[in-house]
Amino acid sequence: MTRLSQSDESHGATAFGAMLRSLRRAARLTLEELSQASGVSVRALGDMERGRSRGPQRRTVDALAAALKLDREQSQRLQRLADAGRERGGPAAPPYLLRTVPDLPDGSRN
């Protein structure tokens, strides 16, 4: 069972991010190696581990689980943590994607 360390908690890491980091380290993979094996960008992986992206989509979690060679129980736990991250309404997208839409000439928005 993977637990949050005090270091992870103090840096605001989510349970998903802490578990992902722990699993990656246990597999002795760098972010770059996990990125190459899973097809998930290094930046996205870093955001997940730091808690900036709390609830990745199922296909992303499946790709990570396959790259990390997780057993069924670990894969399901990682998916549950991702699901929980999305339910909390945490920031799933980077801030630059959350900018407001400018007003159109008629005063409405897209």
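1. Let's start with a pair of charged side chains. R86 and D83 form a salt bridge, with their closest N and O atoms 2.4 Å apart. Both residues sit in helix 6, and because they are three residues apart, about one helical turn separates them. In general, an α-helix has 3.6 residues a turn, so residues three or four places apart point the same way. Please keep in mind as you read on that this is a predicted model.

2. D83 has another partner. Its side chain also meets that of R58 in a salt bridge, at 3.9 Å from N to O. This pair links distant parts of the chain, since D83 belongs to helix 6 and R58 to helix 5, 25 residues apart. How exposed are these residues? D83 counts as partly exposed at 22% relative accessibility, R86 as partly exposed at 31%, and R58 as partly exposed at 47%.

3. Now look at helix 4. The structure holds five salt bridges, and one of them joins E49 to R24, with the closest N and O atoms 2.6 Å apart. E49 is in helix 4 and R24 in helix 2, so this pair ties together parts that are 25 residues apart in sequence. Are E49 and R24 buried or exposed? Both are buried. R21 joins R24 and E49 in a network of salt bridges.

4. The two helices can also be viewed as a packed pair. Helix 2 and helix 4 pack at an angle of about 120°, with axes 6 Å apart, which means that helix 2 is oblique to helix 4. On the helix 2 side the contact involves F16, G17, L20, R21 and R24, and on the helix 4 side L45, M48, E49 and R50. These residues divide into four nonpolar, one polar and four charged.

5. Helix 4 spans residues 42–50, and its buried residues are L45, G46, D47, M48 and E49. Their cover includes helix 2, helix 3 and helix 5. Just after helix 4, G51 takes a positive phi of about 90°.

6. Which residues have the most contacts inside the largest nonpolar core? They are F16, L20, L34, L64 and L78, in a core of 17 residues. Helix 2, helix 4, helix 5 and helix 6 each give two or more residues to this core, and helix 5 gives the largest share, five residues. Beyond its sequence neighbours up to four places away, L64 touches F16, L20, L34, S38, V40, L45 and M48.

7. Finally, S35 lies in helix 3. S35 is buried, with a relative accessible area of 14%. Leaving aside neighbours within four places in sequence, S35 is in contact with V40, S41, V42 and L45.

Key. Residues are numbered from 1 along each chain as its sequence is written. This is a predicted model: local features need pLDDT of at least 70, side-chain atom pairs count only at pLDDT 80 or more; totals for chains, interfaces and linings use all residues. Side-chain values use heavy atoms; hydrogens and water are left out. Buried means under 20% relative accessible area, exposed over 50%, partly exposed in between (1.4 Å probe, protein chains only). Helices (H or I, at least four residues) and strands (E, at least two) are DSSP runs, numbered from the N terminus. Contact means heavy atoms within 4.5 Å. A nonpolar core is a set of buried Ala, Val, Leu, Ile, Met, Phe, Trp, Tyr and Cys residues joined through side-chain atoms within 4.5 Å. Axes are lines fitted to C-alpha atoms, for helices over the stretch in contact, and angles run from 0 to 180 degrees between N-to-C directions. Angles under 35 degrees count as roughly parallel, over 145 as roughly antiparallel, 65 to 115 as roughly perpendicular and the rest as oblique. Ala, Val, Leu, Ile, Met, Phe, Trp, Tyr, Cys and Pro count as nonpolar, Asp, Glu, Lys and Arg as charged, and the others, Gly among them, as polar. A salt bridge is a side-chain nitrogen of Lys or Arg within 4 Å of a carboxyl oxygen of Asp or Glu.
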